[in-house]
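I opened my notebook today to look up a few things in this structure. Here is what I wrote down, one entry at a time.

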Amino acid sequence: MTTTPEKATDLVSLTIDGIQVSVPKDTLVIRAAEQVGVQIPRFCDHPLLAPVGACRQCLVDVPDAGNGRGFPKPQASCTLPVAEGMVVNTQATSPVADKAQQGIMEFLLINHPLDCPVCDKGGECPLQNQAMTNGRGDSRFSAGGGVKRTFPKPISISPQVLLDRERCIVCQRCTRFAAEIPGDPFIALVERGAQQQIGIAEDAPFLSYFSGNVIQICPVGALTSAEYRFRSRPFDLVSTPGVGEHDSCGAAIRIDHRRGKVMRRLSGEDPEVNEEWITDKDRFAFHYATQADRLTYPQVRDRVEDGGDGSLRPASWPEAFAVAARGLAAAGGVGVLTGGRLTAEDAYAYSKFARVSLGTNDIDFRSRPLSAEEASFLAAEVALRSPGNGGVSYADLETASSVVLAGLEPEDEAGTIFLRLRKAVRARGTRVVAVAPYATRGLSKLSAQVVRTAPGAEAAAIAGLDGVDAGSVILVGERLATVPGALSAAAALARRTGARLAWVPRRAGDRGAVEAGCLPNLLPGGRPVADAQARVDAGTTWGVDHLPDAAGRDADEIVAALVSGELGGLVIGGVDPDDTADPAATRAAIEAASFVVALELRETDVTRAADVVFPVAPVVDKAGTFVTWEGRPRPFEAVFASPGSLPDVRVLAGIAEELDRPLGFRTILEARAEMQEMGPWDGERAGHTAVDAVPAGGDGFALATWKLLVDNGSMQHGDKAYLATGRVAVARLSPAAYDAHGPIVTLTGDRGSVTLPAEPADLDDDVVWVPANSFGNGVLAGLASPGSRVTIAKGDPA
Amino acid sequence: MTTLTPVLTDNWGDERAWTLAAYEARGGYQALDKAFAMAPDAVIESVKESGLRGRGGAGFPTGMKWGFIPQDNPKPKYLVVNADESEPGTCKDIPLMMASPHTLVEGVIISSYAIRANKAFIYIRGEVLHVIRRVQRAVEEAYAAGHLGTDIHGSGFDLDVVVHAGAGAYICGEETALLEGLEGRRGQPRLRPPFPAVAGLYASPTVINNVESIASVPSIIANGHHWFSSMGTEKSKGFGIFSLSGHVQTPGQYEAPLGITLRELIELAGGIREGHELKFWTPGGSSTPLLTAEHLDVPLDFEGVGAAGSMLGTRALQIFDDTTCVVRATLRWTEFYKHESCGKCTPCREGTWWLVQVLSALEKGQGSEADLDLLLDQCDNILGRSFCALADGAVSPITSSIKYFRDEYIAHLTGGGCPFDPSRTTAWAGQEVTA
Amino acid sequence: MIDQKTQDELREIAARYPEARSGLLPMLHLVQSVEGRITPEGIELCADILGISAADVSGVATFYTMYKRRPVGDYHVGVCTNTLCAVMGGDAIFERLKDHLAVGNDETTEDGRISLEHVECNAACDYAPVVMVNWEFMDNQTPESAVQVVDDLRAGKEVHSTRGPRICTWREAERVLAGFPDGRADDGPAAGPASLVGLGIARERGWTAPDAHLAVTSGQEEGQ
Ligand SMILES: Cc1cc2nc3c(=O)[nH]c(=O)nc-3n(C[C@H](O)[C@H](O)[C@H](O)COP(=O)(O)O)c2cc1C
Ligand code: SF4
Ligand code: SF4
Ligand code: FES
Ligand code: FES
């Protein structure tokens, strides 16, 4: 909610508690009062939800409505817009308002249990606080022998969320949130009068990707999470702001911790980004960092060829640095794969490490299907763009005349974008057009017009879109990389119509990695590798006179070169082979590499195969910056000071020093300072080499897939209740294909088979959709490559 | 002496009065042609001039309400008839729709024509099966006779009417809650503004009127607004149905000009029950503060009853004689409000829960005199603090009964229980005594 | 399992309205007419047809008192115990019926014939005390007459509303409420006696509303 007036003419002046104040027209009195420092008590009011005026706690006296006449009765300030000349007296100056508020408070408490000492909300409860500052000391209700309303104890409204109906004050914040914000009205008011309560339909739990927000906005302790319930008390917790590490949205979060342990995470407030909402993934998925397989010390392999037994053993940091440096120096050509989870500072360290310490451009952050077209697109159309600098912002989504989504399912892949789009659609009727295989639930909640497109046909579909104009925004997802010509078509569409274009990757570190130059064709700050000037410019900051000028290999080429022996060494951080375009090839590459240095949080197939393993710090243990898909930096501080938990920056600096080609920094702050010093490239940008579309087609079914928000991703390990809220893995088929093959189908691709329950949806008859990482080792490892063809057989219902 | 003025009730005694044939036989649907000969705005003007004020309780001028419909709004306009009649004591719309549903249907057509609505809804409380049958049938007949549908009477005006049965919720008489019910939602009142005239049903301009208000329209058009305003008092024009119930000799419907007094009505009803005296009464349903014998000569119009500290409401005159315990009566009404509170807002939802507990204790003779002040303080914290007028109505019986009968409350406390014998209040009590 | 015919009728109800959701109240009446109560299946079906969540339908179904979650008997007997009827004898009638039927409020007799409930004012106070049977008026009841009514109903005898037709079953009544008329609108009188008392007096005494023509003239005179 912005209250900054745009034009002086829109201001309305009124008097609140004797103080004159001018606020924009349509401001509600409750918020105007905040401007003069008066906090009117409230429960149902929430600035991001439509007003209801249900709790009546915010009553004020209005002796003059602005027309010389007053309201005979106290008014709810959360539903009353200001008027010129209005006079408002709050509880601070009006005995009428004060008594009205006291009366409401008394009513709210008559049926409220006295279990604050064991309530999760105790200590941060608006009702408790209000009762203590404003309520009566004694209860006239219980003094008179009043009988409280009781309900059997908490009920589960989802695997994660519990409802204690006795505590509920039926303010409707949760139901309004569910209906208005994500559009998941699976909780509703049920019953009537004093029995009114929040409920779900039988067998229809409140499964929303955003369900945790209701726990946070509940003004009492009626909603709790299975995960956090009874785990701690607010006053034992220390809060540190953070940034969501699960997607490229950059949502502000608040991390509440106690004695070195994260107890829970909440949404932070960032009006520019996530307002006050986060996905359940950002809220609940944090146990991955404390799993038993977390690496805590460096390891080196006693290599058989050096007379060892071939196993990994613990090593000191200096030894590990030295062994890694020696091995890389001897490997004869090293590739660097960084994964998409890095902070901007860590990514910068990798980028410099590759160029300065290893002397190569063979670096790529893309640990998923990719293309050269994409690298060119990123250099030309993405790098260096940011809000105010040619980039699209969240706010732009709200004002756009239309928004095109291509290769992007916002509800699953970018929750904050999804919510912003819903806001735009609800408030302004913004037209959303989606180039997608079918009308997903998420798209229907955006009232999106779906341009049904089979995987592989996106380029043609984008080229054929109409109704896109200079006020439009085009959002392309990283999945388009696999469709030849699709990103080129999007760029062309933007150029042709004047629409603005943005790329939405899935991971928190992706966009920062582009800016840091973790690409074979880009140096930090958008400097094209191919541009000698740009190389000189980067070299100057780095104090080296020569940077490698040969175009580097991308991730697929690095993998191929390792397999073929053209490259011998590999530095790999945060890459799950099963996420890559060809998991088997990636595993083979690691196997084939003569020397592998792995930087990882937890033990993985990669660390088990590596020659040197460095544990690296999870985000809670380090400061850093995530760059949102918009190009907006969102820095954060370390939550814990864990001296043994080192960021990638420090590890790479250690190896670089042993290589005698130091990075020149060891800490995040130093890296950050150098990034700033280098700054963005102000020379000519790389141009985009457009790629032509390739006609799609073939036998069988084209495979459409993406990752659901809640799935088997390793960063979601550890919270059973959260995982239980995930959507069941199903294969979606056209009704005709469903009739032919359902209700259980076996899909077979070139990498394996899977049997899943099927559901009909509005897909083309020769397209099948499955979630990318909700069964087995995922689609890439166990079925086929996205866009390729699979066969379907009637599954065995066993 | 004020005389009765049967207009709406005039045909109720006719043979098969509910049928189209009977209605047309006495000139029914002729006002329609008269209206069609007028411009819609002229119809509105005429209703304005008549001084007709809403018969659903609040007494808002009907023509003025129609005039609020923004005709430049491109959305469709709707007429919604409030046939939820659930206010305790109120029993006029139901017999009207049972006996002469065509009066309502004709009123609906004229009113829709005036506000330029092509779709109208009659929202009838669900608990009156036969009334719903009759209205359904009347609408069917009207379609068949060309009074509904397209190009009605060759006027070029189209109208469809849907008869909609509610499902048991007093609050759906409140017009915005009614709209919620009609939209298939929980009947909980909406924020105002926007007012229904601007954004009502489906967020479109909507007029909501009581059955009796709409049913009065054909007579106004047929006989002229002067005719209508020649009846009644200065600011409360016309006739209305007065519903007498309880301890009078002949309870029933009495149609009279506004301004008639209870004394006159009771006299027409043959007096209070034999051997008893008037003790307290509601002028317009249980939501209107109780009055007593001292108010027998209050003119029953909006101003008169208002000046006496109550409200004309729906002219639902529930008459209680001296056998009735006012605490029992008040408790029962309070239980009603608790049962019917929609639950949306705190003071009504929680307040009625508490009020019932305090009142039941008092009725049993438990508690202390201080509880009366507690009750009044609770009422003060509810009245005007709630989301809608239901809660205001809920405190009316309590505050007014304590005002007039404080001693009777205290007698419960001192006597350790209710001093009244409930068997003496019943309809058959007198007979048992004589038997 | 709700049959196809009912499903079609549910859709038909929704189609009566400019916005389908408006059909929900009558649709739930229809669910009751075939299921004997509001069932989870009925809720889901309505939700499906209207494209809203089952939670929302559930919220509606639990708001209105005419929707029942437990099976209702063939005859739903509602005794008005709002203040006026209570005072006039409704309380005594309700007590007697509870005793006689051996059920409590909102309960059904073991034979599944009669459900007893106390109801709020049913807009027939001039006929107090009032009992509603399947939402038909039984006016001016006494404990004895009410017992007779329920006994007759249980015995399968034909019972008529005091101002209406023969009492049908609760399910049949619910169908009419859903907007499917049963063709019995013409049964019964136009009005009961209490509805006509004022009219009777007026007729007797020759009282009428003013003559329209005279009123216009006098009105015009006033205007001049
Ligand atoms: C709690 C409550 C219940 C009401 N019940 C009814 C009702 O049953 N019938 C009715 O016509 N008006 C009822 N009203 C009044 C309506 O809100 C509305 O004012 C009326 O229908 C307008 O019609 P009128 O102007 O023709 O009177 C009720 C109001 C409240 C607050
Ligand atoms: S559960 Fe919490 S947020 Fe939801 S209505 Fe109850 S008090 Fe409000
Ligand atoms: S006063 Fe509040 S709780 Fe009561 S009926 Fe109105 S809105 Fe509902
Ligand atoms: S905060 Fe205003 S009514 Fe709840
Ligand atoms: S009080 Fe029983 S019908 Fe009105």
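**Entry 1: Ligand 1**

I started with B:G56, where a polar backbone atom sits 2.6 Å from an oxygen atom of ligand 1. I reminded myself that this is a predicted model. Next I looked up B:N82, and found an N or O atom of its side chain 2.8 Å from an oxygen atom of ligand 1. For B:R55 I noted a backbone N or O atom at 3.3 Å from an oxygen atom of ligand 1. Then I asked how many residues surround ligand 1. I found 18, and the closest include B:G56, B:N82 and B:N209. B:N210 and B:S213 are also among the closest.

**Entry 2: Ligand 3**

I moved on to ligand 3 and listed 13 residues around it. The closest are B:C342, B:K344, B:C345, B:C348 and B:C388. Sorting the shell by class, I got nine nonpolar residues, three polar ones and one charged one.

**Entry 3: Chain A by itself**

My tally of its secondary structure is 26 helices and 37 strands. Along the principal axes, the C-alpha atoms of chain A fill a box of roughly 85 × 60 × 55 Å. Why did I look up the radius of gyration as well? Because a compact globule with 798 residues would have a value near 28 Å, and chain A, at 28 Å, agrees with that.

**Entry 4: Where chain A meets chain B**

Here I noted that 38 residues of chain A are in contact with 31 residues of chain B. The area buried between chain A and chain B is about 2800 Å², and carbon and sulfur atoms give 52% of it. Which three residues supply more than any other three of the area that chain A buries against chain B? They are A:F107, A:R140 and A:R192, with 26%.

I counted six salt bridges between chain A and chain B.

Which elements give two or more residues to the side of chain A that touches chain B? My list reads helix 2 (95–110), helix 4 (140–143) and strand 8 (188–190) of chain A. Helix 2 of chain A gives the most, with nine residues. By class, this side of chain A has 19 nonpolar, 10 polar and nine charged residues.

**Entry 5: Where chain C meets chain B**

My last stop was chain C, where 83 residues are in contact with 93 residues of chain B. I wrote down a buried area of about 6800 Å² between chain C and chain B, with 62% from carbon and sulfur atoms. I found six salt bridges across the interface of chain C and chain B. In one that I looked up, C:D186 pairs with B:R16, and the closest N and O atoms are 3.5 Å apart. The count of residue pairs in polar contact between chain C and chain B is 41.

Several elements of chain C give two or more residues to the side that touches chain B, among them helix 2 (24–35), helix 4 (54–61) and strand 5 (136–138). Helix 5 of chain C gives the most, with nine residues.

Definitions and conventions:
Residues numbered from 1 in each chain as written. Chains lettered and ligands numbered in written order. Predicted model: local features only at pLDDT ≥ 70, side-chain atom pairs only at ≥ 80, totals over all residues. Heavy atoms only, no water. Contact = heavy atoms within 4.5 Å. Buried area = accessible area lost by both parts, 1.4 Å probe. Salt bridge = Lys/Arg side-chain N within 4 Å of Asp/Glu carboxyl O. Helix = DSSP H or I, 4+ residues; strand = E, 2+ residues; numbered from the N terminus. Nonpolar A, V, L, I, M, F, W, Y, C, P; charged D, E, K, R; others polar. Near = heavy atom within 4 Å. Rg over C-alpha atoms; globule rule 2.2 N^0.38 Å. Polar contact = N/O pair within 3.5 Å; in protein donor to acceptor, adjacent residues only side chain to side chain.
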